[in-house]
Amino acid sequence: MASDAPTATVAAPPRRGRRRRAQGLERVLGTPALFATAYGNVGSSIYYALGLVAGIALGLTPLVFVISGLIFAATAATYAEGTVRYPEAGGSSSFARHAFNEFVSFAAAWAQMLNYVVTIAISAFFVPHYLSIFWEPLKTNPWDIIGGVVVIVFLVALNIVGIKEAAGLNIFLAVIDFGTQLLLVIIGFVLIFDPHVVFHRNIHWGVAPTWTNFLLAIPIAMIAYTGIETVSNLAEEARDPPRDIPRSISWVAGAVFAIYFTLPLVALSALPVKHVGHGYQTLLGEPPDKHGFANDPVLGLVENLGLHGHVLSAAKIYVGILAATILFIATNAGVIGASRITYAMATYRQLPERFRRLHPTFKTPWLSLVVFAGIASIAVLLPGQVNFLGDLYAFGAMLSFTIAHAAVIALRTRREKEIGFRARPNVRLGGIDWPLFAIFGAFGTGAAWLVVVVQKPDARWTGLAWIALGLITYAMYRKYIAHLPLRETVRAPVVIGKAVALEYRSILVPVKPGRMSQEALDFACRLAAQRRTRIAALAVVAIPLELSIDSTLPNEEAEAYEVLDAAHAIGELYGVDVIERLVRARSAGRAIVEEAKRRGTEIIVMGAPRRDRPRRTIFSDTVDYVLKNAPCRVMVVAAGRQAA
């Protein structure tokens, strides 16, 4: 697009080197920030999953968590590879779109939506349980239901108003949470762990639990890994996806596996399995009316950890407040996730356009927040049945994970030679590197889904009704309103208001060393400043043909990081958020166009070559390629001249 808007030069900001890396999550997401954010969501589930699983698996609870942990490890590898391939929000839905078609993508997204709805409900439901240290009735119905509803309504209203999440606080709390869980494990092993109790007295093979309950406990235990989608949803803000995403996911998998293997050992030493009446039980999985701790299992562990007096009282208050805070944040993450997935579904014409319309005042997707994060979550919370929520989550999560595994397997059959990251292990047959992790994961999650469907009638009929409602709605919307085939991928057009030629909500600025990029960023920041638009700064590291696409070029990458640091500094001068992205590619022009397509960019702002540099084309080859192939408007800012 041509424009005669003038540019203004700015002095190059001072070099800030690596200092930038420790600033805010909203600025740049490296491996530590991704890990902390994901663990803040995944690690929160220990506060309810421990009691849920112990009530079913009894003495085999540690073994159940190990088996579900292996399935989770395979799922984590699948998400690492899929997210690096397509670093965009959506997770399994995005993988399915690229591997299969839009219909399968909708099925995965709709299952994800069920996961978010249940995550919101169960996290909010357990907030009052841990606050019961101050008022005992909060541990039981109806006060826990009322408290959960209040939490959901408050967070939905907060997100509609658009209060910005304190990312730094979330990371701090995630670190404190992990440290607290680790401390409980260490204290437990020192004071009360008893191998004889855990590995002998607690175990009654085939009796307590029965084999049926043992198999059922495995998919229920997968609720412990709530939040693996978090990394996928944050992938768009990762600086270096091929490096940061696999590392962060492996860190999360390792940390969660360590906690979920060791904490149950301590908990079952403190609250062992006992023969009561005609069966066996552990107070860890019993409801409050039977003097159990199913509603606050970690508090139950603290109470039976061998502490006394003021130390015990202080520990209970500390853990109760921390757990309630972490669960509150996890609920908010679910609310944000539900709104993001709804917005993405509407963007790809899977849901009606109105779900992506923003509130006229607050500029937030208010309808998706009210319907899915609010009404749907409260509806599944109102019965006040913890086991039902766990079963329903297992239904949606296992279905979504299975589709993700199948998508990665299908993508491997395309025999693409250049992939930024391949998870392992693999086996090469027929010229294809078959992903053994995805095959194992698909078998595990698929079998777990069937177990839930067969053994849990409430979750079966509720889950199948949810899927049926979604598929019928999708088919009717596509056929009668959107007039589109069920399997065709179509993005909804960008809605631009009246006479807002320079009001863009998504701006992409390719950057490289030199004055050209600084002036392009300066111009983009002026476009973004008044509307609080975020800018994506893209640095492309060109990989020579003789090297593999995942090769490391230390000098070029260091230079790219310096340029991205400078881009952030320019953004700070204008008060504009700059998301930084490093991409390795053969062609800079092609990489820019692909990034613009993936982000749904509304305008690309590029710097033009200096006039005194000889060239055979009007602009550089990269700029010419982008001008010819970009999916959106392109503004070229000439150094010291006017925009072209």
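Predicted model: local features only at pLDDT ≥ 70, side-chain atom pairs only at ≥ 80, totals over all residues.

Me: Which residue does Trp135 form an aromatic pair with?
Reply: The partner is Trp143, in an edge-to-face pair with 5.2 Å centre to centre and 65 degrees between the planes. Trp143 is partly exposed too, at 39% relative accessibility.

Me: How many aromatic pairs are there in the whole structure?
Reply: A search finds 18. One of them is Tyr79 with Phe95: the ring centres are 5.5 Å apart and the planes are at 65 degrees, so this pair is edge-to-face. Tyr79 belongs to helix 3 (residues 61–85) and Phe95 to helix 4 (residues 92–99), so the pair ties together parts 16 residues apart in sequence. Both Tyr79 and Phe95 are buried.

Me: Which residues form an aromatic cluster?
Reply: One cluster is made up of Phe103, Phe106, Trp110, Phe355, Phe372, Trp466 and Tyr474.

Me: And which ring does the charged end of Arg97 sit over?
Reply: That would be the ring of Tyr348, with the charged end of Arg97 3.6 Å from the ring centre.

Me: Switching to salt bridges, how many does a search of the whole structure find?
Reply: It finds 14. Take Glu81 and Arg85, whose closest N and O atoms are 3.8 Å apart. Both lie in helix 3, four residues apart, or about one turn of the helix.

Me: Are Glu81 and Arg85 buried or exposed?
Reply: Glu81 counts as buried at 0% relative accessibility, and Arg85 is buried with a relative accessible area of 15%.

Me: Which residues form salt bridges with Glu595?
Reply: Arg581 is one partner, with the closest N and O atoms 3.5 Å apart. Glu595 is in helix 20 (residues 588–599) and Arg581 in strand 7 (residues 578–585), so this pair ties together parts 14 residues apart in sequence. Arg598 also forms a salt bridge with Glu595, at 2.6 Å between the closest N and O atoms. Salt bridges with shared partners also join Glu81, Arg85 and Arg412 into one network.

Me: How buried are those, in relative accessible area?
Reply: Glu595 is buried at 6%, Arg581 is buried at 2% and Arg598 is buried at 13%.

Me: New topic: what does the side chain of Asn115 reach?
Reply: It reaches the backbone nitrogen of Ala397, at 2.8 Å. Asn115 is in helix 5 (residues 102–130) and counts as buried, with 8% relative accessibility. Leaving aside neighbours within four places in sequence, Asn115 is in contact with Tyr393, Gly396, Ala397 and Ser400.

Me: What about Ala567, where is it found?
Reply: Ala567 is found in helix 19 (residues 554–574) and is buried, with a relative accessible area of 1%. Beyond neighbours within four places in sequence, Ala567 is in contact with Leu521, Ala537 and Val578.

Me: Last one: how much of the protein chain counts as buried?
Reply: Of its 644 residues, 59% count as buried. The chain has 21 helices and nine strands, and its accessible surface comes to about 26600 Å², with 63% of that belonging to carbon and sulfur atoms.

Key: Residues numbered from 1 in each chain as written. Heavy atoms only, no water. Phe/Tyr/Trp six-rings, centres within 6.5 Å; stacked < 30°, edge-to-face > 60°. Helix = DSSP H or I, 4+ residues; strand = E, 2+ residues; numbered from the N terminus. Buried < 20%, exposed > 50% of the residue type's maximum accessible area, 1.4 Å probe, protein only. Lys NZ or Arg CZ within 6 Å of the ring centre and 35° of its normal. Polar contact = N/O pair within 3.5 Å; in protein donor to acceptor, adjacent residues only side chain to side chain. Contact = heavy atoms within 4.5 Å. Areas by Shrake-Rupley, 256 points an atom, 1.4 Å probe, with all protein chains shown as cover. Salt bridge = Lys/Arg side-chain N within 4 Å of Asp/Glu carboxyl O.
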